Amino acid sequence: GNCCHNGNVYARTHKHPAKQPWFSPIKSMYAAIESLMDPTCAYFGENLVMQHSIPYDRLRSYFYLFSVRDKKGQWKSWDEVERIAGGMEVPSAPVVFKGTFSKAAEIKSLMDSHVKKLSALSSQRSPEGFVIRVARAFTDREFKEGRVIAKYVRKGHCQLSAKRKGWTKATLYHGPDDDAKQP
């Protein structure tokens with residue numbers, strides 16, 4: 001994911017702001033909404049400017065917020081993340097389930113079921129993966145201990161075809177009028 005913080009957009013590290021051209025739409029978005037953001041927080045989201053292995057033909061934005069962290073190392077609850085995303089007019093990451101699991105087998109069953117369905121961001125392919133997190137707020141310590149968040153990415157989620165030597169820019173979805181343009 002990417003991080004928007006202190007006037008900069010970062011890729012996977014906070015050592016240097018992102019410089020690659022595919023970060024330009026995220027930088028423009030951040031500049032446009034920075035006044036709506038708490039400057040003491042870091043905003044984490046998925047950069048979907050460039051298509052991975054699935055065609056993102058249902059994107060409402062190139063950036064989907066999935067977490068917010070304050071300067072004290074407290075990560076916001078999911079309800080707070082959704083509220084913050086709404087206030088910034090940025091979508092939050094799609095949710096496939098809200099609830100409680102009592103066994104790891106229940107999580108596996110849910111993921112096995114949803115990996116066979118279409119992605120919320122694609123009318124053609126299954127999801128690249130899932131992030132499971134606790135709904136409540138949590139601390140940096142809990143995050144580092146791996147007790148509050150987990151990520152599953154399907155095998156082969158990020159591939160380039162033999163014909164394609166680089167990434168393809170994703171297209172934003174503008175509603176039902178775009179459905180008529182789909183093959």
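The following exercises with worked solutions concern a predicted model of one protein chain.

Residues are numbered from 1 along each chain as its sequence is written. In this predicted model, local features need pLDDT of at least 70 and side-chain atom pairs count only at pLDDT 80 or more, while totals for chains, interfaces and linings use all residues; side-chain values use heavy atoms, with hydrogens and water left out.

**Exercise 1. The chain as a whole**

Task: State how many helices and strands the protein chain has, and what percentage of its residues count as buried.

Solution. Step 1: the secondary structure comes to 5 helices and 10 strands. Helices (H or I, at least four residues) and strands (E, at least two) are DSSP runs, numbered from the N terminus.

Step 1: of the 183 residues, 37% count as buried. Buried means under 20% relative accessible area, exposed over 50%, and partly exposed in between, with a 1.4 Å probe and protein chains only.

Step 2: the accessible surface comes to about 11,300 Å², of which 54% belongs to carbon and sulfur atoms. These areas come from the Shrake-Rupley method with a 1.4 Å probe; for residues, only the protein chains shown count as cover.

Step 3: among contacts with a separation of 6 or more, 59% are between residues 24 or more positions apart. Contact means heavy atoms within 4.5 Å.

**Exercise 2. Cores and strand 5**

Task: Determine which elements give two or more residues to the largest nonpolar core, and describe how strand 5 is placed.

Solution. Step 1: the largest nonpolar core has 30 residues, and Cys4, Ile26, Met29, Tyr43, Leu59, Leu65 and Met88 have the most contacts inside it. A nonpolar core is a set of buried Ala, Val, Leu, Ile, Met, Phe, Trp, Tyr and Cys residues joined through side-chain atoms within 4.5 Å.

Step 1: helix 1, strand 3, strand 5 and helix 2 each give two or more residues to this core. Helix 2 gives the most, with 5 residues.

Step 2: leaving aside neighbours within four places in sequence, the contacts of tyrosine 43 include Cys4, Leu65, Ile84 and Met88.

Step 3: a second, separate core of 7 residues includes Cys3, Trp75, Phe138 and Val148.

Step 4: 6 of the 8 residues of strand 5 are buried, so strand 5 is largely enclosed by the rest of the structure. Strand 3 and strand 5 run antiparallel and are joined by 7 bridges, with asparagine 47 opposite phenylalanine 63 in strand 5. Two strands pair if DSSP finds at least two bridges between them.

**Exercise 3. Aromatic pairs**

Task: Classify the pair of phenylalanine 130 and tyrosine 152, and that of phenylalanine 138 and phenylalanine 143.

Solution. Step 1: the whole structure holds 6 aromatic pairs. Rings of Phe, Tyr and Trp (its six-membered ring) pair if their centres lie within 6.5 Å; planes under 30 degrees apart count as stacked, over 60 as edge-to-face and the rest as tilted.

Step 1: phenylalanine 130 and tyrosine 152 are stacked, at 6.1 Å centre to centre and 20 degrees between the planes. The pair links distant parts of the chain, with phenylalanine 130 in strand 7 and tyrosine 152 in strand 9 (residues 149-153), 22 residues apart. Phenylalanine 130 is buried at 11% relative accessible area, whereas tyrosine 152 is partly exposed at 33%.

Step 2: phenylalanine 138 and phenylalanine 143 are also stacked, at 6.5 Å centre to centre and 5 degrees between the planes. Phenylalanine 138 is buried at 1% relative accessibility, and phenylalanine 143 is partly exposed at 36%.

Step 3: Phe44, Trp75, Phe138 and Phe143 form one aromatic cluster.
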